Amino acid sequence: MAHELPPLPYDYAALEPVIDKQTMTLHHDMHHAAYVKNLNAALEKHPELSKKTPEDLIRDLNSIPEDIRAAVRNNAGGHINHSMFWKIMKPKGGGDPNGPIAQVITKSFGNFKDFQTKFNDAGVKQFGSGWVWLAGKQGGDVQIISTPNQDNPVSQGLVPIFGNDVWEHAYYLKYNNRRPEYLAAWWNVINWDEINQRYEAFKSGKAVQEPAMAHR
Ligand code: MN3
């Protein structure tokens with residue numbers, strides 16, 4: 001087994017009432033687990049790729065053999081995206097950002113409220129399944145983008161600083177079709193300390209790779 005499902009860094013119920021226990025259980029144990037399983041299954045056909053990190057796999061998708069390219073795109077992407085997602089949330093999170101991430105938000109978007117509005121709007125407008133991101137660009141600037149399916153900013157040459165999952169599986173049990181309500185509530189579980197670490201890593205040119213590959 002090459003790639004492994006990282007454990008959730010807190011209890012399944014820890015993000016309630018923002019994200020309910022059943023959603024977290026299904027999301028981590030079924031959805032994320034399936035991306036890992038399907039990624040490993042795809043790579044069995046091309047063992048020469050087994051030493052690559054998930055980010056290296058999706059950095060240049062055209063270099064991936066065509067017979068597994070779509071599987072790698074979806075499942076390495078899903079693995080990276082969710083490994084990031086669990087860490088950039090925490091119980092009793094939220095509040096105003098602090099430190100360097102607060103400074104770059106103010107510099108780039110005017111103030112935190114306007115940033116939240118733009119981020120939530122991009123999440124609402126992502127048609128179907130996908131993610132909304134704060135992504136770093138070459139040169140150090142940041143921008144809000146959305147991506148379809150499990151696509152990750154890395155495949156566009158950008159650095160994923162943090163993102164929110166707008167697939168229905170992330171919110172449907174509690175919020176039903178009310179994606180804007182989920183997007184608005186989600187800020188109450190955001191982990192600014194972790195995001196500051198990821199932003200600092202981006203600024204220093206050593207972007208955090210998710211997931212860590214300690215068990216290869
Ligand atoms: Mn998901």
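**Surface and charge**

I started with the surface: the accessible area of the chain is about 10,300 Å², and 51% of it belongs to carbon and sulfur atoms. Accessible areas come from the Shrake-Rupley method with a 1.4 Å probe; for residues, only the protein chains shown count as cover.

I noted that this is a predicted model, in which local features need pLDDT of at least 70, side-chain atom pairs count only at pLDDT 80 or more, and totals for chains, interfaces and linings use all residues. Residues are numbered from 1 along each chain as its sequence is written, and side-chain values use heavy atoms, with hydrogens and water left out.

Next I looked up charge. The chain has 23 positive and 24 negative side chains. Lys and Arg count as positive, Asp and Glu as negative; His and the chain ends are not counted. The centres of the two sets lie 3 Å apart. Each charge is placed at NZ of Lys, CZ of Arg, CG of Asp or CD of Glu.

**Fold**

I found 8 helices and 3 strands. These are DSSP runs, numbered from the N terminus: helices are H or I with at least four residues, strands are E with at least two. In sequence order I read α-α-α-α-α-β-β-β-α-α-α. The radius of gyration is 17 Å, close to the 17 Å that the globule rule gives for 216 residues, so the chain is as compact as a globular protein of that length. That radius is taken over C-alpha atoms, and the rule is 2.2 Å times the number of residues to the power 0.38. The C-alpha trace spans about 45 × 40 × 30 Å along its principal axes.

I then checked burial: 49% of the 216 residues count as buried. Buried means under 20% relative accessible area, exposed over 50%, and partly exposed in between (1.4 Å probe, protein chains only).

**Manganese site**

Which residues coordinate the manganese ion? I listed His27 (NE2), His82 (NE2), Asp165 (OD) and His169 (NE2), at 1.9 to 2.1 Å. Donors are N, O and S atoms within 2.8 Å of the metal (3.2 Å for Na, K and Ca); water is not among the atoms, so sites may look incomplete. The spacing along the chain is H-x54-H-x82-D-x3-H. His27 lies in helix H1 (residues 21–43) and His169 in the loop between strand E3 (159–165) and helix H6 (172–175), so the pair ties together parts 142 residues apart in sequence. His27 is buried at 1% relative accessible area. His169 is buried at 17%.

**Glu55**

I found Glu55 in helix H2 (residues 54–59). Glu55 is buried, at 4%. Beyond neighbours within four places in sequence, Glu55 is in contact (heavy atoms within 4.5 Å) with Ile80, Val154, Val208, Gln209 and Glu210.
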